[in-house]
Structure formats: structure tokens, C-alpha cells
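Subject: Structure handover

Hello,

Here is the structure I promised to pass on. Please open it first, then read the notes below it.

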Amino acid sequence: MTNIKSLLRENIKCLKPYSSARDEYTGSIGIFLDANENSFGSIPAGDLNRYPDPHQQEIKRKLSKIKNVNVENIFIGNGSDEAIDLFMRAFCEPGKESIMIMPPTYGMYKVAADINNVNVIEVPLTNTFQIATDYVINNITQSTKLIFICSPNNPSGNLLDRKSILKIVNNFNGLVVIDEAYIDFTAEESWISELKSFNNLVVLQTFSKAWGLANIRVGMAYANEIIISVLNKIKYPYNVNGVSQQIIIDALESESKKNEVVNRIIFQRDKLAEALSTLSIIEEVFSTDSNFILARVKDANNIYDYLLENKIIVRNRSNIINCKECLRFTVGREEENNKLLEILSKYGE
Ligand SMILES: Cc1ncc(COP(=O)(O)O)c(C=O)c1O
């Protein structure tokens with residue numbers, strides 16, 4: 001068992017959190033004259049004059065049933081990006097401590113670390129985009145507090161090997177943060193089911209991908225209750241706005257619709273991957289468990305520009321490690337994918 005409290009920064013250990021009006025009185029009936037809101041209502045229509053629930057309790061109650069975890073094990077943030085930043089702030093002493101990442105991977109881990117002046121140890125994935133497990137374990141230092149593992153990984157798209165992840169969780173005294181932003185696009189089980197076995201495990205998920213709600217910025221962290229209580233202690237009091245909360249509450253009634261859309265995306269993804277692999281300008285299509293496809297092409301920069309000229313915007317990943325000459329294609333709707341393929345097939349004509 002990891003001693004979670006001992007991992008915290010000293011100032012966070014003794015922090016007295018802000019107590020909002022809605023922390024101090026939690027009832028819903030009465031004349032509310034405690035939060036300096038506008039009692040006359042909101043200027044645009046929509047009853048937006050009151051502060052939202054600072055603890056997003058209804059969302060947590062619903063997620064708790066769906067994910068089979070207690071509400072105390074759920075943090076709701078302004079996107080999972082908020083949780084990534086809060087982990088740096090809670091656990092890593094600026095200028096002294098470090099996180100580990102495995103590039104090529106999601107860019108925000110390093111950016112959040114850089115903003116917080118936290119050192120970043122980079123242990124690249126292998127050239128098949130898997131974890132170099134022993135190398136990871138050998139590079140852990142006394143000051144390494146967090147290891148970020150993105151599975152399925154962005155930008156490669158693939159799931160990372162479960163046994164490798166398990167070995168890291170078992171050999172590290174800090175927190176292992178598994179980012180499952182794309183988990184809905186795979187048949188693999190979420191690491192949420194392992195939270196009871198490992199108190200140093202954190203799972204990030206988001207409403208931005210499978211749920212199609214990137215605009216309203218809601219993400220989750222699932223972890224041991226001590227970890228979650230720390231995130232709640234240091235977050236902005238009303239970190240998820242009420243409009244977003246209501247949309248999520250409603251969305252959670254439509255899980256079957258989400259699953260149906262995910263199946264449609266997977267169908268289009270597999271079709272697009274197959275079609276891309278037949279094009280002469282494509283050298284390799286990497287296998288994916290996500291809603292995007294990484295492909296190595298003959299001349300990434302020129303193909304990227306050519307697509308832009310044709311008003312098709314993809315992500316050029318060719319300047320990051322192990323992704324030389326690689327473009328990342330988000331799976332679009334059928335007609336969008338067909339247009340992409342048509343334009344790509346005419347490249348160089
Ligand atoms: C791996 C990964 N994690 C997290 C995020 C951000 O998620 P959110 O929109 O919940 O902040 C992204 C966004 O692209 C991502 O690729």
C-alpha cells in the first residue's frame with residue numbers, strides 16, 4: 001500500500017480550503033442571500049444567476065452506478081486537463097520533483113508539468129508504441145511522484161500492454177495515472193476495476209470523445225478517496241459550470257445512444273484504416289483502438305499542406321519522437337472520410 005499522504009506537497013498537506021457559500025449551506029429551499037448572486041435573475045434568459053453545485057453530486061451519483069465506484073472515488077473537472085494540472089500542483093514540489101511520461105504521448109502532461117516547474121523524465125515508447133517497462137522502472141528516481149500512461153495512447157492510437165502497466169503500478173511508490181480518454185473505442189476493460197487493488201492508481205476519463213461533449217469541458221478522475229479529497233480541496237470552488245453539469249446529467253440517461261455512436265465510429269475507423277492502407281502515398285497505418293488513425297506517409301509536410309489547400313485539416317505529428325513522417329487522422333463521418341480518401345488518392349497528380 002502506498003502512503004498517499006506522504007506523497008503530498010507540504011503546503012497542500014496543511015492547506016485550509018476555501019469554503020464556498022454552497023459548502024456552508026447545502027439545502028435547496030429558502031431565500032438565498034448568502035452568495036452575493038443577483039437575486040433578480042440572469043440578464044439573458046435561462047436561470048443562470050445561482051452558483052452551481054461545487055461538488056457535482058448528481059453527476060457523481062449517476063457515474064457511481066454506471067462505473068461501479070463510490071462517489072468518494074470520483075473527481076469531476078473542467079475537462080480531464082484540469083485533473084492533470086491538479087495532480088502536478090498537489091503532488092510535485094516545483095523545481096524539485098518530477099513526473100515521468102512516455103512519448104510520443106498526449107502533450108498536456110509535459111505542458112502542465114512545465115507550467116508548474118516540475119521536472120519531466122521522458123522514457124519513450126518502443127518503436128511499436130509499447131512501454132519500455134524495465135527502462136521505465138530503472139529511470140524512476142526518489143523525486144518521481146507521478147507516472148502518466150496514456151492507454152489507448154494519443155497519438156499512436158493503440159492500447160498499452162496490461163502486464164507492463166501492472167508491473168509499473170507494482171514497482172512504483174508514487175501515483176500511476178492512466179489516461180483512458182479513448183477507452184470507449186476499445187473492447188478492453190477499464191483500469192477502474194483495479195482501483196480497489198491499488199491505492200496508487202488513478203484513471204482519467206472524459207466526456208470529450210465518445211460522448212461528443214468536448215465543447216462543455218467535463219472530465220473525470222477516479223481514484224482512492226484520499227487522492228480525490230485532495231483534488232477537491234485544491235480545485236476552484238465552482239470548477240464545472242451548471243450548464244455543463246445539467247447536460248452531463250441528461251447525457252448519462254443516454255448511454256445506449258453513446259454506445260451506438262461509438263460503434264458507428266469504430267465501423268468508419270476500420271473502413272478508413274483499410275482504405276488508407278491501399279494508397280500508394282501511405283507507408284504504414286498503425287493499428288488503433290481510438291477514434292483516430294496514425295499513418296506514416298511518404299512526405300508528411302507536403303501532404304499536410306496539400307490537404308490544407310483542400311480544406312482538410314489533419315494533425316501533423318511528424319516532428320515528434322517515433323512519429324517521423326506521420327499524420328494523425330481523426331475518424332470523420334462517412335462522407336468526410338470519403339472526401340479525405342479521394343483527395344489523398346489524387347496527391348501528386
Ligand atoms: C489522451 C488525452 N487525454 C486527455 C485529453 C483532454 O481531455 P479533456 O477534453 O477532458 O480535457 C485529450 C484530448 O485530446 C487526450 O487526447
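One term first: buried means under 20% relative accessible area, exposed means over 50%, and partly exposed lies in between (1.4 Å probe, protein chains only). This is a predicted model, in which local features need pLDDT of at least 70 and side-chain atom pairs count only at pLDDT 80 or more, while totals for chains, interfaces and linings use all residues. Residues are numbered from 1 along each chain as its sequence is written, and side-chain values use heavy atoms, with hydrogens and water left out.

**Ser 98**

Ser 98 counts as buried, at 1% relative accessibility. It is found in strand 2, residues 98-101. Helices (H or I, at least four residues) and strands (E, at least two) are DSSP runs, numbered from the N terminus. The side chain of Ser 98 makes a polar contact with the side chain of Thr 144, at 3.4 Å. A polar contact is a pair of N or O atoms within 3.5 Å; within protein, one must be able to donate a hydrogen and the other to accept it, and residues adjacent in sequence count only if both atoms are side-chain atoms. Contact in general means heavy atoms within 4.5 Å. Leaving aside neighbours within four places in sequence, the contacts of Ser 98 include Cys 92, Val 118, Ile 121 and Leu 146.

**The cores**

A nonpolar core is a set of buried Ala, Val, Leu, Ile, Met, Phe, Trp, Tyr and Cys residues joined through side-chain atoms within 4.5 Å. The largest one here has 44 residues. Leu 63, Ile 131, Ile 149, Phe 207 and Tyr 222 have the most contacts inside it. Among the elements that give two or more residues to this core are helix 4 (57-67), strand 1 (74-77), strand 6 (201-206) and strand 7 (219-223). Apart from it lies another core, of 34 residues, including Leu 86, Phe 91, Leu 204 and Ala 221.

Phe 207 is worth a look. Not counting residues up to four places away in sequence, it touches Leu 63, Gly 212, Leu 213, Ala 214, Val 218, Met 220, Ile 248 and Leu 252.

**Strand 7**

Why is strand 7 largely enclosed by the rest of the structure? Five of its five residues are buried, so the strand is largely enclosed. Both faces are covered. Gly 219, Ala 221 and Ala 223 are buried on one side, and Met 220 and Tyr 222 on the other.

Two strands pair if DSSP finds at least two bridges between them. Strand 1 pairs with strand 7 over four bridges, in the antiparallel sense. There, Ile 76 stands opposite Met 220. Strand 6 also runs antiparallel to strand 7, joined by five bridges. Val 203 has Tyr 222 of strand 7 as its bridge partner.

For Tyr 182, an N or O atom in the side chain is 2.7 Å from an oxygen atom of the ligand. At Asp 81 a polar backbone atom is 3.1 Å from a ligand oxygen. The protein covers 92% of the 400 Å² of accessible area that the ligand has on its own (Shrake-Rupley method, 1.4 Å probe).

**A second region**

An open sheet of four strands has the order 8-9-11-10, with antiparallel pairing. Strand 8 (282-285) and strand 10 (315-316) stand at the edges; each has a single partner strand, so one side of each is left without a neighbour in the sheet. Strand 9 (292-297) and strand 11 (326-330) pair over five bridges. Ile 293 has Phe 329 in strand 11 as its bridge partner.

Arg 317 sits in the loop between strand 10 and strand 11. It is buried, with a relative accessible area of 17%. Its contacts beyond four places in sequence are Pro 155, Leu 294, Cys 323, Cys 326 and Arg 328.

**Backbone details**

Two peptide bonds to check are cis: Ser 151 to Pro 152, with omega near 0°, and Asn 154 to Pro 155, with omega near 20°. Pro 152 is in the loop between strand 4 and helix 8, and Pro 155 lies in the loop between strand 4 and helix 8 as well.

Phe 129 is not a glycine, yet has a positive phi of about 60°. It counts as buried, at 3% relative accessibility.

Best wishes
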